[in-house]
Amino acid sequence: MKRFVAVIAAVMFASVAFPAASMAADAYPSKPITAVVPMAAGGSSDLLARAIEKFWPKYSKQPMAVVNKPGGGGVVGTEGVVRSKPDGYTLYLGYGSGHDVVMPSLQKMPYDPLKDLVPVSRVSIHSVVIVTGAKSEFNSIKDIVAWSKKEGKPVTTAVSVKAGAVDLALTAFGKVAGINIVTVPFSGGAEATTALAGGHLMIGGGHPSEIIPHIKAGRFKALAVALPQRDPTLPDVPTLRELGFDVATWGSIKGVAAPAGTPKEVVTYIDDNIKKICNDPEFLKLMASLNQPVLYLGSDDFGKFMKQATADYAKLIKDLKITID
């Protein structure tokens, strides 16, 4: 009888000692996963998310459904993920975008992108490309600088969101060039490029997957890339540094994140599947067609990379004394 009571007590102790999240993780995933993109449909984050969504069922017993939740420059949708239950069923696709690594150095955030989210996997990095309309009088970056200084007028610029990676790159360019760049934010890269294509602004910035279709269609002229080296998707386009303007950024990082507190085994499961997807030849072929390089990093290395990128952006903002209105 004493032995029976001891066994019962042990079972009761185990049920208290092991959290429900761990037990649930054993069966993870047992239902569909929601992947939040905090930008409007059609931008570079959305295109990447849709590509992952397409290949996810190949490596998981449960599907993944992408949901767009734009607003607040990406903060609204991301905060929704931060506040969600940390059980692996609500993920953030696009982690590393400008509002994650740039915005914290410019304004107060309702959450900490480095502490309130768990880096799961890095998938890609998107460069910032400066473009203008095909009918624009500008044929080079130097044309823009010369015009602005001669006329004494600002250069209006379409950017995906306020205080994002594109906004920062264009603002930094204006600071270094000594001209007034007025950025006009939208709810994502797709809307910004559409506005530029419509002739509503003088220049714009975007990621290759957003602007290359317009270049091929003859609507845009690519003028410069804000990376330390040329973007392989646009090998004929010079960097700002090559043109004499010392501005280079990480561009926009694109990864997967989960709310802080998500069980380690769940993070490992998602990361393992993302790694398999990133090594899938058909996925690589699809990403190449989207002009998005696959640059996978696992959870630990991605976390270190995010801290470094955030620190580098903070230094650039401090060095150039960049603020937002």
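Biologist: Which ring does the charged end of arginine 122 sit over?

Modeller: Happy to start there! A charge sits over a ring if NZ of Lys or CZ of Arg is within 6 Å of the ring centre and within 35 degrees of the ring normal. For arginine 122 the distance to the centre is 4.6 Å, and the ring is that of phenylalanine 305. This is a predicted model, where local features need pLDDT of at least 70, side-chain atom pairs count only at pLDDT 80 or more, and totals for chains, interfaces and linings use all residues. Residues are numbered from 1 along each chain as its sequence is written, and side-chain values use heavy atoms, with hydrogens and water left out.

Biologist: How far is lysine 31 from the ring centre of tyrosine 89?

Modeller: Tyrosine 89 belongs to a cluster that ring pairs form with Tyr28 and Tyr269. Lysine 31 lies over the face of tyrosine 89, and its distance from the ring centre is 4.7 Å.

Biologist: How many aromatic pairs are there?

Modeller: Rings of Phe, Tyr and Trp (its six-membered ring) pair if their centres lie within 6.5 Å; planes under 30 degrees apart count as stacked, over 60 as edge-to-face and the rest as tilted. By that rule, the count is 8.

Biologist: What kind of pair do phenylalanine 55 and phenylalanine 283 form?

Modeller: Phenylalanine 55 is buried (under 20% relative accessible area; exposed is over 50%, partly exposed in between, with a 1.4 Å probe and protein chains only). Phenylalanine 283 is buried too, at 0%. Their centres are 5.5 Å apart with 80° between the planes, making the pair edge-to-face.
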